[in-house]
Amino acid sequence: MYAAHFNLAATPFSLTPDTRFYVGLPQHEAALAVLNTALNAGEGFIKVTGEVGTGKTLLCRLLLKQAPADWQLAYLPDPSVSPSELRWALAAELGLKYSANIDASQLLQLLQRQLILLAQSGKKIVLVIDEAQALPDDTLETVRLLTNLETERRKLLQVVLFGQPELDQRLASQQFRQLRQRISFAYKLPVMSPAQIRFYVRHRLQTAGATPALFNRFALLAINRYSRGIPRLVNLLAHKGLMLAYGEGKSRVTGRHIRFAAQDTEDTRRSAAHYLWLLAGAAVFSAACFAWVLR
Ligand SMILES: Nc1ncnc2c1ncn2[C@@H]1O[C@H](COP(=O)(O)OP(=O)(O)O)[C@@H](O)[C@H]1O
Ligand SMILES: [Mg+2]
């Protein structure tokens, strides 16, 4: 809606993880490098964790997009499935043709055969699971068992787990110690530094055909403060900032627009004034308690 007003070829801060807008930040580049190295080395399990909104789904999509021709990737975007649903989903992703009335053990046999066939034709088969923290316990165990399938020379199935930090808490339990020990490559996505946030905003603006000066210095400072370095929050704030500036007929987004945007955005850091009020309230309360005790 504001694209014409600001002379934009596309919406620069959409919430969908669109690979055309990828900004090669060091953390995302490092994650991709870890994934490539580990997958090329034939590692069974690779894990990438990060807070909500730090770019995990975008990395999944980049991995799928950049995969060499001899990789066969199976993508599971929503892992809240039962073990048998997981096996059916994997079969479908691997292009397996089967009749609907086969049972679980027949399916497993077919899967195994398909994995061997693909491996023989020189394919590296990778199961990519997004939101892995939501995998039910028994499904997580099924994933581990599937990676036990191997030829004499190598694993038939490699697995990449993308998940929120809760995934680590789940893996820390005694029940998953076998799986935990098999994860030899892991990467934790950090949030963006202030300099990275500036680079990120400018880069996305340029990709959308805008001048980087569309956000003034104070707008960038405010984005830095309220986003906590989380890309999704940066997008939300920047998008709302653009809407507010457009609504006022302004040609630039300022700090005021972003502060306004932060007020109705869940999860953005409250202003310093808010904390000052809280502090003042606590001081008054303690003073009152003190006075009451000394009475
Ligand atoms: N390096 C990056 N370059 C461009 N956009 C990014 C980058 N990292 C994150 N984003 C954007 O931030 C938003 C949240 O990313 P997403 O992958 O959905 O996070 P997660 O899956 O970790 O919750 C998306 O709009 C995504 O495009
Ligand atoms: Mg995601």
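Let's start with strand β3, residues 124-129: 6 of its 6 residues are buried, so the rest of the structure largely encloses this strand. Keep in mind while you look around that this is a predicted model. Burial in β3 goes for both of its faces. On one side you'll find K124, V126 and V128, and on the other I125, L127 and I129, all of them buried.

**Neighbours of β3**

Which strands sit alongside it? One is β2, residues 71-76, which runs parallel to β3 and is joined to it by 6 bridges. You can pick out particular pairs here: Q72 stands opposite I125 of β3, and L76 has I129 of β3 as its bridge partner. Strand β2 is itself largely enclosed by the rest of the structure, since 5 of its 6 residues are buried.

The other neighbour to look at is β4, residues 158-163, again running parallel to β3, this time with 4 bridges between them. In that pairing, V126 has Q158 of β4 as its bridge partner. To get from β3 to β4, the chain passes through helix α5, residues 137-146, and this β-α-β crossover is right-handed.

An unreviewed UniProt entry annotates residues 42-166 as "domain: AAA+ ATPase". In the model, that span is 40% helix and 19% strand, and its end C-alpha atoms lie 26 Å apart.

**Around ligand 1**

How many residues surround ligand 1, and which come nearest? There are 21 residues around the ligand, and V23, G53, K56, L58 and R204 come nearest. A nitrogen atom of ligand 1 has a backbone N or O atom of V23 at 2.7 Å. A nitrogen atom of the ligand also lies 3.1 Å from an N or O atom in the side chain of H28. For N235, the side chain again supplies an N or O atom, here 3.2 Å from an oxygen atom of ligand 1. Taken alone, ligand 1 would expose 560 Å², and the protein buries 98% of that.

Now for T54, which lies in the loop between β1 (45-50) and α2 (56-66). With a relative accessible area of 1%, T54 is buried. Its side chain reaches the backbone oxygen of E51 at 2.6 Å.

S227 is another one to click on; look for it in helix α9, residues 217-227. Its relative accessible area is 0%, so S227 counts as buried. A polar atom of the S227 side chain lies 2.8 Å from the backbone oxygen of I223.

I183 and I223 are 40 residues apart in sequence, and their C-alpha atoms are 36 Å apart in space. I183 belongs to strand β5, residues 183-189. At 15% relative accessibility, I183 is buried, because the cut-off for that is under 20%.

Most residues other than glycine have a negative phi. Where can you see a positive one? N7 has a phi of about 65° although it is not a glycine. You'll find N7 in the segment before α1 (26-40). E131, also a residue other than glycine, has a positive phi near 55°. E131 is in the loop between β3 and α5, which brings us back to the crossover from β3 through α5 to β4.

Is N7 buried or exposed? At 64% relative accessibility, N7 counts as exposed. E131, with a relative accessible area of 31%, is partly exposed.

Here are the residues from this tour with their accessibility values.

| Residue | Relative accessible area | Class |
|---|---|---|
| S227 | 0% | buried |
| T54 | 1% | buried |
| I183 | 15% | buried |
| E131 | 31% | partly exposed |
| N7 | 64% | exposed |

Conventions. Residues numbered from 1 in each chain as written. Chains lettered and ligands numbered in written order. Predicted model: local features only at pLDDT ≥ 70, side-chain atom pairs only at ≥ 80, totals over all residues. Heavy atoms only, no water. UniProt positions renumbered as here; feature names shortened; annotations may be inferred. Helix = DSSP H or I, 4+ residues; strand = E, 2+ residues; numbered from the N terminus. Buried < 20%, exposed > 50% of the residue type's maximum accessible area, 1.4 Å probe, protein only. Pairing = 2+ DSSP bridges. Right-handed = clockwise from strand over helix to strand, strands pointing away. Near = heavy atom within 4 Å. Polar contact = N/O pair within 3.5 Å; in protein donor to acceptor, adjacent residues only side chain to side chain. Areas by Shrake-Rupley, 256 points an atom, 1.4 Å probe, with all protein chains shown as cover.
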